Amino acid sequence: MAQKGLPKGATGVNVGEKFTPYVPSNKVMPEFTALSIVLGILLSVVFGAANAYLGLKVGMTVSASIPAAVISMTIVRVILKRKSILENNMVQTIASAGESLAAGAIFTLPALFLWGETPSALTMTLITLAGGVLGVLFMIPIRRYLIVQEHGKLPYPEGTACAEVLLAGEEGGSGAGLIFAGGGLGLIYKFLGDGLKLFPTEIETEISGFNGAAIGMDVLPALLGVGFIIGPKISAYMLAGAILAWLGFIPMIAFIGSDLASAVFPAADLIKDLGYWGIWSNYIRYIGAGAVAAGGIISMVKSLPVMITSFRDAMKGFGSKASGEVERTDTDLKGKFVTIAIIVIIVLMGVLPVIPVGIMGAILVAIFGFLFVTVSSRIVGLLGSSSNPVSGMTIATLLFTTIIMKATGASGKPGMVAVLCVGAVICTAAAIAGDASQDLKTGYLIGATPWKQQLGEIVGVAASAVAIGFIMILLNNAYTFGSKELGAPQATLMKLVIEGIMDGNLPWNLVFIGVSSSIVFEVLGISSLPVAIGIYLPIHLSTPIMVGGLVKGALDLFVKNSEENKARTENGILYSSGLIAGEGLMGIILAGFAAANVDLALGEYPLGQLGALILFILVILSLIYYVFFKKTEETVKK
């Protein structure tokens, strides 16, 4: 293990050659240890909670694999002086499951609250647990084909990047300080702003002389971090959608409705009395939902050739067996255990009333679950997790499930709840399958034991599933899903899709305006989904994200050396991940205080909007410092 960086053949081997990982199969190191399990569970819950808060606010989550790997290296290798890369890999394997499970939950389950249901923590735990475990189990029979036989053809970019970070840690590199610095700042900032209420975290102003138009900004570190991670292009797409909504649609509705003497459905008040927030709440969200739905479906349709090829190719290798003696690095969980576990989960879903899907729903979970897990596992290998159309697959599941269940007699709210729960299981399964595939690729490169990683994934799923139900209830009680504080955009969309088919009482004209908008963007060659999210969300979220994107854009513009750019980008991502995690955790803590009716406010924003803007500029400067001026290994070499 004297080589530096990824082992030879990490990007592919010649025909007849065999890839040898960093830790060869005949070497045994501590891997699935008590320390890795406990640390992995803690990080799984922490990153799962932070991502739940972030996803409910802006409709997207960020990967936890690399931040978890860096924190693990610091604790396990630097502080505890333990030297097993496989143990560090197990920590990130368990931890990253929390983020993926959170995505499956927050994209769907808030719709239950929006319908006025009061789902128990147990119900949400079992739904996400079933989806998460199925995501891991369905992926196991195709692991050998996708990860081993397709090595060199499927790059699994995030899994390979995580392996590089783990190997850099073996050589002394560590960026945990950046995560903790960002985390501390995000945590304190959120506490001062939304806890002690020293300054507003949302600033806005009307545009004089332009009736109905306004612009604003949520001056929050997490949004800045999101912008840096997704980059200038996607940030700009989101801002374009926000500008269209807030400086286009809203002023237009205000202008047309200024002289109307009666309310226009779905609003109950006159348009001239609504103001820009009222117009956004009553009209723009339907337009945005239509745009997001169309964007999700279009992204899935565009992926259809890859999906079909992926499913067909994966089926060729279904149940592939190793030739000769099975090595440690090629050993999966036992096939008999996997088969029995899948059958037990499907049967329990069909008969347990606490998971309200019924027999038909359980059958649909088995069909769509296997289909989309297979597709998700291969797409992330080919294009990366950021291109995995989980929302589109969930919408497709909901469309077909609603039609089938309505045809078989399901109706009313019980029928809609059953459909949504099927979608929640599939969404979680697809998200976890993508994550598990990336983790197994990381393990393949460094020489981990697959069955231990698969067990680690299940442990991470179970831990975060237990926590997610309580987190959802806490957040809804404190902020209310669907509010401007926690818009829950994907879940609102899933709710509209189901209601639209079951009841047909939506303001369809508004929805179709959104659909048309997405089609226009696609015709212009622009990816419609991020623009659609920008239309749906308040402009206050897109503006700080754009600032983070501009910092990343400036880095790409001024730092041309690819190695230095890569190192500085990694600095920025780690610091941004800290900002997101810190703010997300404080958001959960403050939700706990709000739910307990504990008011921490010292006043009514004594620093005002100007103070908030100055403090946010200081946060921006801190990101610029860590990206442009903090020493990296590349600058040290110079």
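I started with Lys197, which I found in the loop between helix H7 (176-195) and strand S1 (202-206). Helices (H or I, at least four residues) and strands (E, at least two) are DSSP runs, numbered from the N terminus. This is a predicted model: local features need pLDDT of at least 70, side-chain atom pairs count only at pLDDT 80 or more, and totals for chains, interfaces and linings use all residues. Residues are numbered from 1 along each chain as its sequence is written, and side-chain values use heavy atoms, with hydrogens and water left out.

**Backbone entries**

Lys197 is not a glycine, yet I read a positive phi of about 55°. Lys197 counts as partly exposed because its relative accessibility is 24%. The scale: buried is under 20% relative accessible area, exposed is over 50%, partly exposed is in between (1.4 Å probe, protein chains only).

I looked up Tyr605 next. Its phi is also positive, near 55°, in a residue other than glycine. Tyr605 sits in the loop between helix H19 (562-595) and helix H20 (608-629). At 27% relative accessibility, Tyr605 is partly exposed.

Then I checked a proline. The peptide bond from Phe265 to Pro266 is cis, with omega near 10°. Pro266 is in the loop between helix H8 (221-257) and helix H9 (275-316).

**Ser84**

I placed Ser84 in the loop between helix H2 (65-79) and helix H3 (85-106). Is Ser84 buried or exposed? Ser84 counts as buried, because its relative accessibility is 3%. Its side chain reaches the backbone oxygen of Pro30 at 2.5 Å. I noted the polar contact rule: a pair of N or O atoms within 3.5 Å; within protein, one must be able to donate a hydrogen and the other to accept it, and residues adjacent in sequence count only if both atoms are side-chain atoms.

**Aromatic rings**

I found 13 aromatic pairs in the structure. Phe368 and Phe400 form a stacked one, 6.4 Å centre to centre with 25° between the planes. This pair links distant parts of the chain: Phe368 is in helix H11 (residues 358-383), Phe400 in helix H12 (residues 390-407), 32 residues apart. Rings of Phe, Tyr and Trp (its six-membered ring) pair if their centres lie within 6.5 Å; planes under 30 degrees apart are stacked, over 60 edge-to-face, the rest tilted. Phe368 is buried, at 11% relative accessibility.

I also logged one aromatic cluster, formed by Trp246, Tyr276, Trp277 and Trp280.
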